[in-house]
Amino acid sequence: MSAGPFDAFLLVSFGGPEGPDDVMPFLQNVTRGKDVPPERLAEVAEHYQHFGGVSPINGHCRELLGALEADFAVNGIDLPIYWGNRNWNPSLRDAIAQMADDGRRRALVLLTSAYASYPGCRQYREDIFAAKAGIPKAPNFARIRHYFNHPGFVRPMVANTVAALEQLPADLRETATILFTTHSIPMAMAYSAGPEGGLYVQQHEEVASLVAAGVREATGVERPSELVYQSRSGPPQVPWLEPDIGDRLTALSEAGTAAVVVVPIGFTSDHLEVVYDLDVELKAQADKLGVAFARAGTVGAAPEFVAAIRDLVLERANSVMPDQRATLGELGASYDLCPAGCCPNPKGPRPAVAGRD
């Protein structure tokens with residue numbers, strides 16, 4: 001299958017520590033320029049140390065890369081695969097330098113963030129632009145569109161939610177509330193997400209609706225569900241998206257809810273905000289409240305998602321028209337080229353991203 005004008009594939013992820021000595025340098029990378037108090041860094045570092053200083057995100061990336069390499073080979077897609085992280089090894093700059101040394105000139109980029117927002121899209125693109133600066137013959141990059149509503153991303157979440165319901169006591173499954181959760185961001189970023197604003201919330205609402213409908217179809221049961229937010233990290237005077245998942249869990253318990261299934265639709269794979277904020281902190285809160293709790297798995301390297309990435313590669317490589325692209329729901333396929341003012345940097349103008357890809 002033709003990869004069109006592209007000669008490489010780059011997976012770009014957030015990155016995470018892989019040992020106790022990595023934790024603080026990693027957090028310093030993440031928070032550089034953000035004036036985060038040292039005591040807050042120490043607090044978050046303890047969350048990583050709860051897991052031996054290892055975030056699962058790099059392991060999930062390796063699993064996804066292996067699955068993609070196998071899938072590309074079987075389907076005759078001749079694209080060498082590279083991997084670079086924004087905040088830890090393997091670094092974006094090292095990956096781009098290797099691509100340049102290998103003679104790669106135009107690469108497709110998959111971000112491990114499925115939604116529109118400054119931290120989930122434009123910041124990744126700014127980091128790519130910065131990482132390639134000064135590297136002779138660095139390749140040009142084209143971002144694969146947001147895949148939040150691709151069937152291969154949605155359907156594994158449906159299956160994972162159904163599986164999580166099975167973990168609850170049998171007498172509580174039909175009345176369980178489904179909490180679809182994603183990372184909270186400042187309201188200002190949420191308002192400015194996408195070319196016309198508000199797209200971060202709209203896209204998540206769409207996915208929550210699609211997964212809820214899929215679960216209803218699979219189980220034959222209509223359950224209450226809602227979108228909530230988690231892992232707020234900003235100063236208290238700055239408004240962030242709400243309701244907070246912990247606050248909502250307390251309110252549901254007080255209203256008589258006996259069981260919840262938490263579905264992390266905002267996360268492509270497990271990382272600290274999933275395995276600590278949900279599996280440790282929220283689970284402990286549910287236990288204290290007497291609410292039965294189950295957490296759905298993330299998409300990770302699910303075969304349908306791997307096939308979806310192949311579909312997205314071929315779609316972009318062969319310039320498939322928007323009305324021919326695979327999507328679910330009503331929002332339709334996202335754009336390939338981000339408009340110049342899309343998801344603006346909250347700190348003001350930054351160097352233009354070449355090609356607006």
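Before anything else, a term I needed: two strands pair if DSSP finds at least two bridges between them. I also kept in mind that this is a predicted model.

Entry one, the sheet. I found 4 strands in an open sheet, ordered S2-S1-S3-S4, with parallel pairing. S2 (81-85) and S4 (140-143) are at the edges with a single partner strand each, so one side of each has no neighbour in the sheet. From one strand to the next, the twist averages 30°.

Entry two, a pair of strands. I looked at S1 (residues 8-13) next to S2, and they pair in the parallel sense over 5 bridges. Which residue is the bridge partner of valine 12 in S2? I got glycine 84.

I saw H5 lying across S1, S3 (106-111) and S4, and running at about 170° to S4. Helix H12 (residues 303-317) packs on the sheet too, where I noted that H12 touches S1, S3 and S4. The direction of H12 makes about 140° with that of S3.

I checked H4 (residues 92-101) against H5 (residues 118-132): their axes are 9 Å apart and the packing angle is about 55°. H4 and H5 are therefore oblique to each other. The crossing of H4 past H5 is right-handed. On the H4 side I listed Leu92, Arg93 and Ile96, and on the H5 side Asp127, Ile128, Ala130, Ala131 and Lys132. Sorted by type, the residues of this H4 and H5 contact are 5 nonpolar and 3 charged, with no polar ones.

How values were computed. Residues are numbered from 1 along each chain as its sequence is written. This is a predicted model: local features need pLDDT of at least 70, side-chain atom pairs count only at pLDDT 80 or more; totals for chains, interfaces and linings use all residues. Side-chain values use heavy atoms; hydrogens and water are left out. Axes are lines fitted to C-alpha atoms, for helices over the stretch in contact, and angles run from 0 to 180 degrees between N-to-C directions. Angles under 35 degrees count as roughly parallel, over 145 as roughly antiparallel, 65 to 115 as roughly perpendicular and the rest as oblique. A crossing is left-handed if the near helix is turned anticlockwise from the far one by less than a right angle, and right-handed if clockwise. Contact means heavy atoms within 4.5 Å. Ala, Val, Leu, Ile, Met, Phe, Trp, Tyr, Cys and Pro count as nonpolar, Asp, Glu, Lys and Arg as charged, and the others, Gly among them, as polar.
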